[in-house]
Amino acid sequence: MTSVEQQLERRWNLAWALAPYALLALACALSLAFDPTSWGHRLISLAIAAGLGLWHGWFIVAHPQWWERRIVAMPVYFVGLLAFTSVLVLRSDSFQLFVPMCYVLAFVALPGWWAYVGVVLANTPWFVLTGSDVLNFAVVTPFAALLGWSIRTMEKEAIRRRETNSRLVAVAAENAKLHALLLERAKETGIAEERARMAREIHDTVAQGLTGIVTQLEAAEALTPAGPARSRLDTARQLARTSLVEVRRSIEALRPGPLHDTRLSDAVEQAVATWRAQHDIPATFTMTGTPQPMHAEVEVTILRAVQETLANASRHAKAQRVDVTLSYMEDVIVLDVRDDGTGFDPQSVNGFGLTAMRQRVRSLSGTVEIESAPGTGTAVSVSVPMIEVDQ
């Protein structure tokens, strides 16, 4: 609910709470002006009316949370309201003007069908004390109940619309947050993919070309006798080799930050340690096999899979423990992430992060297997062919 809606609701509730005072004041004025009794009788009636005002003020005006929640105090309030009203009607016909307000207050104070009982009880003292005919009682009471039912129906509809609007606002805010997250993920993915593409292009063109040049210069140098020509060949070979080193350094610089000058196993271990420190959740890292350098895209894929599964473990699974295992096998590298969280149905949940991870892994001819069920935790296994770095 917006601040404007909350302000309007507070004003509306205050108007309902103060409305009885207007009718009570009018009834008091009519009693003073037209009541044929003595002034002492009138003043006592005014004192009782003041008591009614204080009674209403304490329960309704001073403690609005009571009637908004319709707690136990409200039946007590309504009984007192009927007692004050009955006494006033008995003392002066002018206070019959306040009786219809009791119908409304029955629906304010009493829950459910008790409100209709309250309408009947509010009308009964008037009927008994004033000697109204049965037909009048039989007509006024159902009409009052119908009026109260209409008010309550409109109130429920207003509450339903307000809750619907609140849910729509919350959904819109969540959608905006998810949209921003998707854009951020897409941007990060696009940057990483472009960097990897550039690294591959440089490796497959410039680096390979320089490697061939170095090889040819070495062969030519071996066939050339000592002299100025051989010296020139040696200089050219050294320049080509230096350029090749710089190109390979540039390729390495295009790799993601966590993998720059770092082995994949170290980057994964650092990611687990960082996640453990951020969320204060026990998390272990285990490595099996012998680490070896691999193609940058393979390492990026494994690292992103670790980051995505750890993020899901904290954001969705509410895990209390996570175990991460990185296994270097003969021809594949396998990442296993297990948590003891709430679990989910892999067939029905297909979020952006999981979809992106599957697409990235499949682009390398790898596989993603997820074993989970509600209440049983989650196990994610990512297997990617071991594509080594070309020398």
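Is Phe84 buried, partly exposed or exposed? Phe84 is partly exposed, with a relative accessibility of 24%. This is a predicted model.

**Aromatic pairs**

- The model has three aromatic pairs.
- One of them joins Trp55 and Phe59, a tilted pair with 4.7 Å between centres and 45 degrees between planes.
- Trp55 and Phe59 both belong to helix α2 (residues 39-61) and sit four residues apart, so about one helical turn separates them.
- An α-helix has 3.6 residues a turn, so residues three or four places apart point the same way.
- Trp55 is partly exposed, at 25% relative accessible area.
- Phe59 is buried, at 9% relative accessibility, because the cut-off for buried is under 20%.
- Trp55 also pairs with Phe84: the ring centres are 6.1 Å apart and the planes meet at 50 degrees, so this pair is tilted.
- Phe84 lies in helix α4 (residues 73-91) and Trp55 in α2, so their pair ties together parts that are 29 residues apart in sequence.
- Trp55, Phe59, Phe84 and Tyr77 make up one aromatic cluster.

**Helix α2**

- Helix α2 has 23 residues, which should span 33 Å at 1.5 Å a residue.
- The C-alpha atoms at its ends are 30 Å apart, in agreement with that span.
- Arg42 sits over the face of Trp39, 4.5 Å from the ring centre.
- Arg42 is also one of the buried residues of α2.
- Other buried residues of α2 include Ile48, Leu52, His56, Phe59 and Ile60.

- Strands of a sheet pair through backbone hydrogen bonds, either parallel or antiparallel.
- Strands β2 (residues 322-328) and β3 (residues 332-339) run antiparallel and are joined by seven bridges.
- Ser327 stands opposite Val334 of β3.

How values were computed
Residues are numbered from 1 along each chain as its sequence is written. This is a predicted model: local features need pLDDT of at least 70, side-chain atom pairs count only at pLDDT 80 or more; totals for chains, interfaces and linings use all residues. Side-chain values use heavy atoms; hydrogens and water are left out. Rings of Phe, Tyr and Trp (its six-membered ring) pair if their centres lie within 6.5 Å; planes under 30 degrees apart count as stacked, over 60 as edge-to-face and the rest as tilted. Helices (H or I, at least four residues) and strands (E, at least two) are DSSP runs, numbered from the N terminus. Buried means under 20% relative accessible area, exposed over 50%, partly exposed in between (1.4 Å probe, protein chains only). A charge sits over a ring if NZ of Lys or CZ of Arg is within 6 Å of the ring centre and within 35 degrees of the ring normal. The expected span of a helix is 1.5 Å times one less than its number of residues. Two strands pair if DSSP finds at least two bridges between them.
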